[in-house]
Amino acid sequence: MTLTADPSAVAEPDDVPAADAPTVYARPGEDGSVVSYRARYDHYIGGKYVAPASGQYFEDITPVTGQGFCEIARGTAPDVDRAVDAAWAAFPAWGKTSPAERAVILNKIADRMEANLEALAVAETWENGKPVRETLAADLPLAIDHFRYFAGAIRAQEGGAAELDQDTVAYHFHEPLGVVGQIIPWNFPILMAVWKLAPALAAGNCVVLKPAEQTPASIHVLIDLIGDLLPDGVLNVVNGFGFEAGAPLASHPRIRKIAFTGETTTGRLIMQYASERLIPVTLELGGKSPNIFFEDVADAKDSFYDKALEGFTFFALNQGEVCTCPSRALVQRSIYDGFVADGLERVGKVKQGDPLDLSTMIGAQASNDQLEKILSYIEIGKAEGAKLITGGERADLGGDLAGGYYVQPTVFEGRNSMRIFQEEIFGPVLALTSFDTYDDAISIANDTLYGLGAGVWSRNGSQLYRAGRAIEAGRVWSNTYHQYPAHAAFGGYKQSGIGRENHKMMLDHYQQTKNLLVSYADGPMGFF
Amino acid sequence: MGTGESGTSRVAVTAEAGDFLRRLTAAHGPLMFHQSGGCCDGSSPMCYPVGMFRTGPGDVRLGELRIDGLEPIEVFMSAFQFEYWKYTHLTIDVVDGRGSGFSVEAPEGKRFLIRSRLLDDAELAEFGLLPQG
């Protein structure tokens, strides 16, 4: 499946579904399931599970059915303090390990995950609601490859030595920052955690990580598998709500950096805290990504055309809960009717169903409030005068799935000034419009507050290149979409954030530069 | 910008959200809202104790919520975002929910949500948004 970064980079997992594997996975905890959640998860601090200072827990709900399935510690400031203490206690030793030692550990983590890929994938699907075919083919293989990529990158990284003159040398060394805070979103709970963890650990930092309160449990399934591979205190997980646990972490006086993926208001609040402590931030804050289809896409009804139709339909990947969801489709007017008709036919083939069914292509939205927000935007679209072409309703899948949070893939036709074209809905809702010329396309594409992702589709290489360079976005997929290889930088222009994730350049976000300026001269400089 | 000449407001609050805000205020002190954009919990109103989130020249004060027994609750949005929302009337509602960035209500199992409608002609006139000429 092309969703994986580089399929060859991920070896065949030991327990990949066999030919006789079930077409529907048993639910976690049920007979025959490949994974079980524990009834309760505490905080993971200093290499062991510790109860929350508050003594309180909250219920974790699966969006598949809307039912609770485990309890999660409700973290508060004292728990964050404890985790930061544990991380600093671990740092003096961890920060001095050799890159080779850390790389070995990251590779072992990857191997352990690969050997348990199916269990992790089913756990992730149950907690987040996304189809298991995505977690099996994308989320987990990408996460595994991410550890391997940074294991390699840290081995290959070098400092520098510059001969400034015959007697003076500038040496540049990379050093870890110390203890860093990471706040993880709920749309790819394991993969987004790994995007932040792998470079931070590779660089020799210790981490206090707060998972999203909507999806706090799957990371603990991962920790149950890999916790023994890391020295105690190198990785600490404090659960809880943003207000009670996230804010104390982001504002903690003893973290050296904070990384966040989420929305703009919280992003600003995190920068506000960081400004008070004078620490760096990396922020990934979403987008409203344009997906441009130039007329030559329809020159032939060949496999390239088929690929472009998949590109049009990619707004439904992960139920639209992707920061780079191609939620605005811009189709050149000369091919509009035919291409859109074919695209809608493809959208009509998106199979919605039980996320644990291997044939399901679109599962459940991650939470009830997300469901409500998406439905409210569908109403906004209608009220603004956008034309609802398909979908537009909550989907009732019957049985106990009726309690889950399912939305039909939805396509609106309208104008780029409408709110459904400007605001991130984070659901399977496509805003579709037409353009006349290349300049129109670029103008519409860039008429947005955000600049995270974009797609361009054309058979003309120079047009593809020019458009890709003209769009103000950090990632422009050209004749492709939704590929997330570890070796390609990911991050936003404009309101979409600060800094990058993925790629070896990510190490810079987790390292200090130490310059030793050394004089080998025998005598004084001559000033005094 | 937030309130028309005759006191027309572009923000309101549902009765259920008003009751909930009374409870939250009792627990956390005076509150304010800032409308968020972007991914995950974005495109939703974030509610903070006054002073936790700093507004600045890049924000628009949309108006204030009048709830019996409470000081007016101010509602803000970034000026960038307001450009796209200026024709919209917002009502803050509450639904069952789970998470919300650092917004104050999430531990209660609730989530604030914006219900919106386009301003009518009288309101557009109040806010000076009718086409000129």
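Colleague: Which residues of chain A does the UniProt annotation "domain: Aldehyde dehydrogenase" cover?
Modeller: The structure here is a predicted model. The annotation comes from an unreviewed UniProt entry. In the model, the annotated span is 39% helix and 21% strand, and its end C-alpha atoms lie 40 Å apart. The record places "domain: Aldehyde dehydrogenase" on residues 50-515 of chain A.

Colleague: How far apart do the C-alpha centres of domain 1 and domain 2 of chain A lie?
Modeller: Chain A is divided into two parts: domain 1 takes in 35-159 + 175-285 + 496-513, and domain 2 takes in 290-487. Their contact takes 26 residues from domain 1 of chain A and 28 residues from domain 2 of chain A. The distance between the two C-alpha centres is 29 Å.

Colleague: Which element gives the most to the side of domain 1 of chain A that touches domain 2 of chain A?
Modeller: The residues of that side divide into 8 nonpolar, 13 polar and 5 charged. Two helices of chain A, α3 (117-128) and α4, each supply at least two residues of it. The one that gives the most, with 7 residues, is α4(A).

Colleague: Why does the largest nonpolar core lie between domain 1 and domain 2 of chain A?
Modeller: This core has 192 residues, and those with the most contacts inside it include A87(A), L106(A) and F293(A). Helix α4 (residues 132-156) of chain A gives the most to the core, with 13 residues. The core lies between the domains because residues come to it from both domain 1 and domain 2 of chain A.

Colleague: Leaving aside neighbours within four places in sequence, which residues is V208(A) in contact with?
Modeller: V208(A) is among the residues with the most contacts inside the largest nonpolar core. In soluble globular proteins, nonpolar side chains tend to be buried together. With neighbours within four places left out, the contacts of V208(A) are V80(A), A83(A), V84(A), A87(A), V179(A), G181(A), N236(A), V238(A), L249(A) and I255(A).

Colleague: Is N318(A) buried or exposed?
Modeller: N318(A) sits in the loop between α9 (303-313) and β14 (328-332) of chain A. Its phi is positive, near 55°, and it is not a glycine. Most residues other than glycine have a negative phi. A residue counts as buried at 20 or more other C-beta atoms within 10 Å, and N318(A) has 26 such neighbours, so N318(A) is buried.

Colleague: What is the exposure of K494(A), with 17 other C-beta atoms within 10 Å?
Modeller: K494(A) lies in strand β22 (residues 493-494) of chain A, and its phi is positive, about 55°. The cut-offs are 20 or more for buried and 12 or fewer for exposed. A count of 17 falls in between, so K494(A) is partly exposed.

Colleague: Which element of chain B gives the largest share of the side that touches chain A?
Modeller: In this contact, 34 residues of chain B meet 40 residues of chain A. The chain B side has 13 nonpolar, 14 polar and 7 charged residues. Elements giving two or more residues to it are α2 (79-85), β6 (88-96) and β7 (110-118) of chain B. The largest share, 6 residues, comes from β7(B).

Colleague: Where in chain B is the pLDDT below 50?
Modeller: The model scores ipTM 0.93 and pTM 0.95. Chain B averages a pLDDT of 90, and 93% of the residues score at least 70. Where pLDDT is low, the predicted coordinates should not be read in detail. The stretch below 50 is residues 1-5 of chain B.

How values were computed:
Residues are numbered from 1 along each chain as its sequence is written. Chains are lettered from A and ligands numbered from 1 in the order in which they are written. This is a predicted model: local features need pLDDT of at least 70, side-chain atom pairs count only at pLDDT 80 or more; totals for chains, interfaces and linings use all residues. pLDDT is the predictor's confidence in each residue, from 0 to 100. Two residues are in contact if their C-beta atoms, placed from the backbone, lie within 7 Å. A nonpolar core is a set of buried Ala, Val, Leu, Ile, Met, Phe, Trp, Tyr and Cys residues joined through C-beta atoms within 7 Å. Helices (H or I, at least four residues) and strands (E, at least two) are DSSP runs, numbered from the N terminus. Domain bounds come from an automatic or database domain assignment. UniProt positions are given in the numbering used here, feature names are shortened, and annotations may be inferred rather than shown by experiment. Ala, Val, Leu, Ile, Met, Phe, Trp, Tyr, Cys and Pro count as nonpolar, Asp, Glu, Lys and Arg as charged, and the others, Gly among them, as polar.
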